[in-house]
Amino acid sequence: NSEAIVAAKAGDPDLYRAMGSWVSGFLTAANGYEDDTFDLTPWQTPEVAMAQIARSCEGNAEASLAQVAAAYVRYLRPGRLTEPSKLVAVRNAGQRTFVYLDVLTQAKAQLDAAGLFTGDEAPETYAEPFRQAIMQFQVANGLPPSGLPDIPTLARLLN
């Protein structure tokens, strides 16, 4: 049940990793059986997915891991990629990360909606105004200002 997940997170890293592997497999299968789905977790790493699942377990002690994972799939559905998306390499200050173009487009739209100027260039160019808007968002949200759409930034921006 969910109590076991919370307990494993707190004190049994091997069991927690094993549960995370099961969740990764569940999400991979869900990518195949969910209608109109290319990727349910377009920016979430397995660690992010497991942390989100563990957080939902804290208030739902009687649910099984399968029930919580199924609820997580329903939660992810609105943000899923429905079609394949180009993978884009974005760079800043000698660092690089890879992000789906659709995720970059969503991030740009969220930053624009928040009043941060991302420029008129296409998202995949990852031009200086977009990079600066990411850094401003990171600083404003207490994140390390990498200037990259990294996992902590995307989690704060797209959740």
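Tutor: Y72 is buried, at a relative accessible area of 5%. Buried means under 20%, exposed means over 50%, and partly exposed lies in between, with a 1.4 Å probe and protein chains only. Bear in mind that this is a predicted model, in which local features need pLDDT of at least 70, side-chain atom pairs count only at pLDDT 80 or more, and totals for chains, interfaces and linings use all residues. Residues are numbered from 1 along each chain as its sequence is written, and side-chain values use heavy atoms, without hydrogens or water.

Y72 and Y75 both sit in helix α4, three residues apart, about one turn of the helix. Helices are DSSP runs (H or I, at least four residues), strands likewise (E, at least two), and both are numbered from the N terminus. An α-helix has 3.6 residues a turn, so residues three or four places apart point the same way. Y75 is partly exposed, though, with a relative accessible area of 46%.

There are four aromatic pairs in the structure. Rings of Phe, Tyr and Trp (its six-membered ring) pair if their centres lie within 6.5 Å; planes under 30 degrees apart are stacked, over 60 edge-to-face, and the rest tilted. Y72 and Y75 make a stacked pair, with 6.0 Å between centres and 20° between planes. Another pair joins Y126 and F130. That one is tilted, at 5.0 Å centre to centre and 55° between the planes. Y126 is buried at 3% relative accessibility, and F130 is buried at 2%.

Helix α2 (residues 13-33) has 21 residues and reaches 30 Å from first to last C-alpha, close to the 30 Å expected. The expected span is 1.5 Å times one less than the number of residues. Buried in α2 are Y16, M19, G20, V23, F26, L27 and A30. Seen down the axis, these residues fall within an arc of 120°, so they line one face of α2. The arc is that of the directions from the helix axis to the C-beta atoms. The face of α2 turned away from this side carries the exposed D14, R17, S21, T28 and G32. The buried residues of α2 pack against α1 (2-11), α3 (46-57) and α4 (65-76).

Follow the chain out of α4. R77 lies in the loop between α4 and β1. R77 is partly exposed, with a relative accessible area of 27%. Neighbours within four places aside, R77 is in contact (heavy atoms within 4.5 Å) with E34, D35 and L40.

Then come the strands. Strands β1 (residues 87-92) and β2 (residues 95-100) run antiparallel and are joined by six bridges. Two strands pair if DSSP finds at least two bridges between them. The covered face of β1 holds V88, V90 and N92, the uncovered one L87, A89 and R91.

Helix α5 comes next. Its buried residues are L101, V103, L104, A107, K108 and L111. They cover an arc of only 155° around the axis, which puts them on the same side of α5. They pack against β1, β2, α6 and α7.

Last, the cores. A nonpolar core is a set of buried Ala, Val, Leu, Ile, Met, Phe, Trp, Tyr and Cys residues joined through side-chain atoms within 4.5 Å. The largest has 22 residues, of which V90, V103, L104, L111, Y126, F130 and F137 touch the most other members. Two or more residues come from each of β1, β2, α5 (101-113), α6 (128-140) and α7 (151-158). α5 gives the largest share, five residues. Apart from this core lies another, of 21 residues, and Y72 is among them, along with I5, A54 and V73. That brings us back to your residue: Y72 is buried, and it belongs to this other core.
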